[in-house]
Structures are given as structure tokens and as C-alpha cells.
Amino acid sequence: QPRGRMIYSIKENSMNKLFESDVKISISEKDFEELVELRRYFHRHPEPSLKEYNTSAKIKEFLTLHDIEHIPVGETGVLGVIRGKGAPSGKTVLLRADMDALEMKDRKSVCYASEVDGLHHACGHDGHTASLLIAAKLLKQQEHAFGGTIKLAFQQAEEIGAGARQFVQAGHLADVDFVFGIHFSAEYAVGKIDAVPGPRNASCDIFKIHVQGEASHAGRPHLGRDALLAASSIVVALQRIVSRTVDPLDPAVVGIGILNADSRYNVVANDAYLEGTVRALTNETREHLLRSVESIASLTAQAHNTEIRFSNYAAADPLINHEEATYFVQQVAGRIVGDQNVLKNAKPSMWSEDFADFLEVTDGSFAYVGSKDPENPGTHYPAHHELFDLDERALAIAVQLHLDVALAFLKS
């Protein structure tokens, strides 16, 4: 059952005269119960990136029930639209929620644990989707009280960096004046909101290196060209890129997660395969890292009389919050949780977030909403952990933040 406690004093604190002319919408106890129910439904029924068919159908069903117009984006994305019928503002704001799960087990012992083996909402996207749906319902109920347009992006495939670009490429950001998104954070207690201008999340590139050698019997290694030995040397050589070619004050990552060879114990490997990632907070550093990875891999392979094939998938750009937009979000957030609970100078993360694609084409900001139980801080687990969960009181803060940002922007 939903927790009986409401989110701090959210009823009393929300929208405390943000602007004297603002429409004021707050989440009720009944809304909160529906919010938790929705979140738990999505948690029980996780789906992988680009295959969020049931999730998409549930979203469309909810939007249809509340008479919110919507269209598909790609196979599983959904774009909802609420057109305010109050005094025209000429403005358009887009609110975004991602909805894909991770391919990992859910090992929690709770009534809403994943019912799909090997899939788990271990990053909070179930909560993002549920929060935006309830915000959409409440905004639709008050559409006569505000002007302007509110778009609702229920985005697929954030985990592989393939969803946001579908919305951008389809032109759905062309008329958007302000874009806003949130992510729950297990690093912060419920009641904290991280809204920081500048670089917030690293870029993400996923590279593959195929090392090509020539097989021979392990007892006659001089007749072969050892792709596995070359690949192992490449892994070691790549470690010098960050430590010796990047400013120590410039965060950067070159990581290798996979090393395989199609061989057996008594065969000199004919082929070996590497997969890794590059992370950076600026495009300049990102480009330097990628050039270095390919160059060092190629030269190291040559030293072992082998060759490489290099490929890269650009999953996400660095997420850089716009300064003026983020200052605006800070003011809104302060009205909800108190200015002292708005984090304005937190360090950036080397995680990636494809919301960056939206910020490349329009003004906006991305905020983190604390989801750690402040009374039991030792019971939380980080995102992408098999025991990850949300303190569900954070859901209501996410709803209120969506509501207040959208309405304040349209009225400001």
C-alpha cells in the first residue's frame, strides 16, 4: 500500500506565491495513491530499450482516458500535447520522462518486484513515467486556467542513447521554447533537488575494436599472429590516455568492459574483440579521447603484427544545463522544498543522459530529485543495482516540480 505520510509539507509549501498571477495546482492524497499505483505497475512490468510496447500502450491508455491528445514517436515513444485555453502566451514547454528498463535481475522482496525475469527498473524510469502522467492529468484538468502549450515526451531507449534523438529528428522540439526533465537520485534524501547550471552529465561513446591476427597451434606460436596478446596490450596501453594526456582537473573516462577471443586453450587467437566507453564533460575532450583510443589501438596492434577495425556509437552528448534556465528552475524548486534544500553547486556525474539531445536544440534544464529515505539512509542502493528502489514520497515532489516549472514558465 502507498505510504501514509505525505511529502514533507508539500501541500503547504508548493507554489508559495511563485508569481502572484500563477495558476496553482497541487497533488492531493488521492493523486498520490494513483501515482504510487502507476509507478508500481511499471515496476512490475519492465521492458528493454526500444521494446517498451506494453509501457507505451499503458501511457496511451492513460492519456486517452484523460482526453489528452497524443501521437506516436518511433515505435514506442509517445508525445502528448495539452493546449492551454486561458489567455494566450505564445509559449511552448516540453516535459520529458524516459521509460525503458535495464537488462538485469530485480532481487528485491517487495510486492511490486519485477515480474519479468532479467529485466528491472533499476534507474527510476518507472517513477519518471508515472510522475509525468499524473502531472499531465492535473494540467489537463486546469487547461482553462493557463495559456500556451505543454508537450509531454514519454521517451524510449534512454539507456542506449537512442530515444531523445527520435523526438528531435521528428521535429517535435522545433517550436519548443523551454524543455525540462528530471531524474531520481539515490544520492540525495527525499526533499532535496539538484539544479545546477553548466556540465551535469558526461558524454557517452561506446566503441568496439576488432583485432585481426592469424591462428596457429599454441605449440608453434611463431607461425601465428596473436590477436589476444595484441588486444591485451591495447587494454593496457589505453590506460595512459587519461592519466597522461588529459588535464587532471578535466574529468574523463576511458573504460574497457569486454575482452573476448574466439579461441581455445591451445590455439593462438585469430580474432579478439574489445568493447569500452569514453566519457567526457566537453566535446573537445571527448574528441581527443576518441582519436587517442583509435590511434593507440591501431599502433599497438601494428606492434604485434596485427590489425584492427574500430567503430564507435555516439550514445549521448555532454549534458550542459543552460544557465538562465537553471536559475529559473532553482527558484521554482525552492518554492517546493525550500531554498536551503536546492543544491546549486553539486559536482557533475560521469553517467550519461540523452536528455542532452534536447538541450542541444532548445533552452532548458535537467534536475535531480532526491529519492533516498532520509530516516533510513543505510537502506538505499544506487542506480543500476539489483536492489535499487525509490522512496515513493519522492514521486510527489517530481510531479509538483513538473507542474510548477511548466506553469511558471508559461506565466513568466
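A residue counts as buried when its relative accessible area is under 20%, as exposed when that value is over 50%, and as partly exposed in between. With a relative accessible area of 41%, Asp-175 is therefore partly exposed. Keep that idea in mind as we tour this structure, which is a predicted model.

**The whole chain**

- The protein chain contains eleven helices and 16 strands.
- Its radius of gyration is 24 Å, close to the 22 Å that the globule rule gives for 412 residues, so the chain is as compact as a globular protein of that length.
- Along the principal axes, the C-alpha atoms of the protein chain fill a box of roughly 80 × 45 × 40 Å.
- Of the 412 residues in the protein chain, 55% count as buried.
- The protein chain exposes about 17500 Å², and carbon and sulfur atoms supply 50% of that area.
- If you take the contacts between residues at least 6 apart in sequence, 81% of them join residues at least 24 apart.

- Strands of a sheet pair through backbone hydrogen bonds, either parallel or antiparallel.
- If you look for the bridge partner of Glu-69, you will find Val-81 in β2.

**Strand β12 and its partners**

- Strand β12 (residues 271-280) has eight of its ten residues buried, so it is largely enclosed by the rest of the structure.
- Strand β8 (residues 204-212) runs antiparallel to β12, and eight bridges join the two. In this region, Lys-208 stands opposite Glu-275 of β12.
- Strand β10 (residues 252-261) pairs with β12 in the antiparallel sense too, over nine bridges. Here Asn-260 stands opposite Tyr-273 of β12.

**A buried residue: His-128**

- His-128 belongs to helix α4.
- Its relative accessible area is 1%; because the cut-off for buried is under 20%, His-128 counts as buried.
- A polar contact of 2.6 Å connects the side chain of His-128 with that of Asp-98.
- Leaving aside neighbours within four places in sequence, His-128 is in contact with Ala-97, Asp-98, Cys-123, Ile-182, His-183 and Phe-184.

- To find Asp-175, look in the loop between α5 (164-169) and β5 (178-189).
- Once neighbours within four places in sequence are set aside, Asp-175 is in contact with Thr-92 and Lys-151.
- Asp-175 and Thr-92 are 83 residues apart in sequence, yet their C-alpha atoms are 6.8 Å apart in space.
- The side chains of Asp-175 and Lys-151 are joined by a polar contact of 2.8 Å.

Technical notes:
Residues are numbered from 1 along each chain as its sequence is written. This is a predicted model: local features need pLDDT of at least 70, side-chain atom pairs count only at pLDDT 80 or more; totals for chains, interfaces and linings use all residues. Side-chain values use heavy atoms; hydrogens and water are left out. Helices (H or I, at least four residues) and strands (E, at least two) are DSSP runs, numbered from the N terminus. Buried means under 20% relative accessible area, exposed over 50%, partly exposed in between (1.4 Å probe, protein chains only). Contact means heavy atoms within 4.5 Å. A polar contact is a pair of N or O atoms within 3.5 Å; within protein, one must be able to donate a hydrogen and the other to accept it, and residues adjacent in sequence count only if both atoms are side-chain atoms. Two strands pair if DSSP finds at least two bridges between them. The radius of gyration is taken over C-alpha atoms; the globule rule is 2.2 Å times the number of residues to the power 0.38. Accessible areas come from the Shrake-Rupley method with a 1.4 Å probe; for residues, only the protein chains shown count as cover.
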